[in-house]
Amino acid sequence: MRDNLLGYLLNALEEDEARDVEVLAERDPEIQHDLQRLRSHVRLLDDSWVDVSPPAGLAARACAFLDAPAEVAVADDPAEAVVAETPIDEKPVPRSSRAFSAMTSDSSRFTMADMLVAAGACVAAAVIFFPALASSRMLASRLQCENNLHQVGMALHDFAYQNKQQAYPAIDTDGPADFAGSFGLPLVEQGHLKSPEFLSCAANRNENSKFRLPTLKEVAQAAPEQIPGLRANFNLVYNYNLGTQHNGRVIAPKMQGRADYPVVSDIVHVGDKGKLAPKGHGVTGVNILFDDGRVEFIRLDEIPELVRQYYFNDLGKVEAGVNENDPVLGSGFTKALSSR
Amino acid sequence: MTATLEMTQSASEFTYLEPMSDEDLILGYRETGDRELFECLVNRYERELFNYLRRYLNDAEMAEDAFQATFLQVHLKCESFEEGRRFRPWLYTIATNQAIDAQRRSKRHRMISLDRSGRDDADEIGGLVDLLVSGEPAPAAQIDDAERQTYMQEAVKQLPESLQEVVILVYYQGLKYREAADVLGIPVGTVKSRLHSAVVKLTEAWNRTYANDEKNA
């Protein structure tokens with residue numbers, strides 16, 4: 001809702017959104033204070049770039065312009081006309097060089113010097129291209145995950161539109177699906193997501209191995225010795241927002257179009273000493289899907305503190321957030337409440 | 001000149017078309033080819049669209065050319081205008097594309113940015129800075145209105161292009177978030193975050209200049 005305060009002041013909201021802000025501002029003095037504060041920022045722009053009268057007869061000329069568009073288009077490209085008129089015979093011809101004549105000569109002798117030069121060129125090419133190849137593979141897997149997260153984002157929005165609270169899937173606090181990785185189950189089982197493959201980063205899997213997500217029924221009915229095997233695939237599922245704690249319960253994250261509220265991210269494990277360990281695209285950064293449907297690759301070295309906030313709640317714990325503005329993205333088997 | 005005079009005279013005769021919505025006018029023009037309907041639309045948007053293009057291009061002459069090119073495109077593309085769609089964002093989309101083309105032709109890209117860290121635009125948007133969270137103080141000094149207006153106009157011109165176009169569309173042209181998102185082909189959330197970012201940058205720039213002045217005084 002806070003996202004809409006600026007829009008309210010600029011009259012950029014739809015009617016129902018503006019009404020919501022007014023109702024909220026009436027009830028909550030803090031919102032009134034925020035509005036007043038924002039207003040002082042916006043007032044700086046008042047009358048700053050006022051409208052001027054258009055040149056006389058602009059509309060009339062624009063209408064008259066319709067009658068002669070073809071002539072204008074021709075007149076626009078005089079350079080091309082000149083090029084076309086240049087006779088082919090007059091085009092400059094490259095002078096012959098030694099290298100050129102060597103390539104075209106009839107001699108096929110391949111000397112030791114030629115071999116050394118060729119070998120040197122091969123070594124240089126390898127030095128240049130192998131790191132580039134590695135980094136391009138890394139980039140490809142990053143982009144693949146970006147695409148996956150877009151698909152997951154659409155499925156999550158689809159899911160949220162189907163319920164009154166417009167909430168994303170909730171992570172149970174107990175039962176067989178009481179871990180973050182289970183968020184994909186309703187998306188797949190209810191047909192919001194076309195394939196479970198979108199829930200997992202290919203870079204974390206063995207080459208050519210297909211990702212399989214067990215169903216909730218399979219997990220619930222599995223014999224104790226089967227559970228580890230069945231659950232192994234959940235470790236490959238992206239991190240998911242654990243929701244918000246409220247009176248000992250956990251409330252599912254809601255769809256509100258917030259640009260700064262993360263919902264899903266590449267896999268990031270939290271180590272023993274609280275160190276973040278991204279999996280899949282090296283340690284450089286993570287793809288994050290935000291509430292507004294945007295996916296962004298955030299480099300860990302640029303804004304480490306911001307990224308850290310996404311994996312710990314305001315109390316420094318890896319469990320559901322303590323308020324609505326405290327998102328926490330849990331991996332695989334992270335529980336929404338760590339004490340359970 | 002004769003044509004101009006004729007057009008100016010006929011502009012005053014459109015009063016009977018005024019109750020018609022923009023959408024009715026463009027659809028009517030598409031159906032009948034009645035030039036009066038088209039001229040009514042051009043007149044209706046003459047001031048608004050010219051000022052939009054002038055702000056976008058920062059050049060009145062280029063704005064005039066882009067204005068004419070925009071309505072030429074409206075004429076050429078009116079077949080693709082979908083019934084049920086709103087005309088204003090559609091027109092702004094065409095105008096924005098024409099302005100971008102004009103900029104490209106003149107190669108007069110703006111190089112200065114208020115962002116001094118040297119990061120690119122994508123990073124800029126990514127780090128959503130909420131005014132309330134960032135705690136950016138309220139504008140510091142009470143400066144003469146005329147001075148403030150000139151300063152802010154220059155400050156807006158120096159914003160990164162992605163932020164500037166959102167400020168122009170939403171603040172100066174009065175488009176709704178949804179319409180601006182439609183024009184720019186980006187999600188509504190991105191429009192919001194860019195606008196927040198722009199207001200923070202403008203306030204920072206203002207405070208940098210005038211808070212220092214106050215300290216020195």
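Which helix of chain A does Val127(A) lie in? Val127(A) sits in helix 8, residues 112-161. Keep in mind through these views that the model is predicted.

**View 1. A nonpolar patch on the surface of chain A.** Here we zoom in on Val123(A), Val127(A), Ile128(A) and Phe129(A), which together make a nonpolar surface patch of about 430 Å². Val127(A), in helix 8 of chain A, has a relative accessibility of 56%, so it counts as exposed.

View 2. A disulfide is a covalent bond between the sulfur atoms of two cysteines. Cysteines can still be found in quite different surroundings. Cys122(A) counts as exposed because its relative accessibility is 54%, while Cys40(B) counts as buried because its value is 5%.

View 3. Of its 20 residues, 14 are buried, so helix 5 of chain B is largely enclosed by the rest of the structure. Look for Asp101(B) and Arg104(B), whose side chains meet in a salt bridge at 3.5 Å, N to O. They are three residues apart in this helix, about one turn. Asp101(B) is partly exposed at 29%, and Arg104(B) is exposed at 54%.

**View 4. Another salt bridge within a helix.** Now hop to helix 8 of chain B, residues 145-157, where Glu154(B) and Lys157(B) lie three residues apart. Their side chains meet in a salt bridge at 3.3 Å, N to O. Glu154(B) is partly exposed at 36%, whereas Lys157(B) is buried at 15%.

**View 5. A salt bridge between the chains.** The count of salt bridges over all chains comes to 16. One of them joins the side chains of Arg61(A) and Glu64(B), at 2.5 Å from N to O. This pair crosses from helix 4 of chain A (residues 58-65) to helix 4 of chain B (residues 60-77). Buried or exposed, what is Glu64(B)? Glu64(B) is buried, with a relative accessible area of 19%, and buried means under 20%. Arg61(A) is partly exposed at 28%.

**View 6. A salt-bridge network in chain B.** Salt bridges can also link up into a group: Glu48(B), Arg86(B), Arg88(B) and Glu179(B) form a network of them.

**View 7. An open sheet in chain A.** Five strands line up in the order 8-7-4-1-9, with antiparallel pairing. Strand 8 (295-299) and strand 9 (329-330) stand at the edges with a single partner strand each, so one side of each has no neighbour in the sheet. Further in, two bridges join strand 1 (residues 239-241) to strand 4 (residues 262-265). Tyr240(A) has Val264(A) in strand 4 as its bridge partner.

**View 8. Two asparagines with positive phi.** Most residues other than glycine have a negative phi. Asn11(A), in the loop between helix 1 (3-9) and helix 2 (15-27) of chain A, has a phi near 60 degrees. Asn247(A), in the loop between strand 2 (244-246) and strand 3 (249-251) of chain A, has a positive phi of about 50 degrees. Asn11(A) is exposed at 53%, and Asn247(A) is exposed at 70%.

How values were computed:
Residues are numbered from 1 along each chain as its sequence is written. Chains are lettered from A and ligands numbered from 1 in the order in which they are written. This is a predicted model: local features need pLDDT of at least 70, side-chain atom pairs count only at pLDDT 80 or more; totals for chains, interfaces and linings use all residues. Side-chain values use heavy atoms; hydrogens and water are left out. Patches are made of residues with over 30% relative accessible area and no salt bridge: like charges are joined within 9 Å, nonpolar side chains (Val, Leu, Ile, Met, Phe, Trp, Tyr) within 5 Å. Accessible areas come from the Shrake-Rupley method with a 1.4 Å probe; for residues, only the protein chains shown count as cover. A salt bridge is a side-chain nitrogen of Lys or Arg within 4 Å of a carboxyl oxygen of Asp or Glu. Helices (H or I, at least four residues) and strands (E, at least two) are DSSP runs, numbered from the N terminus. Buried means under 20% relative accessible area, exposed over 50%, partly exposed in between (1.4 Å probe, protein chains only). Two strands pair if DSSP finds at least two bridges between them.
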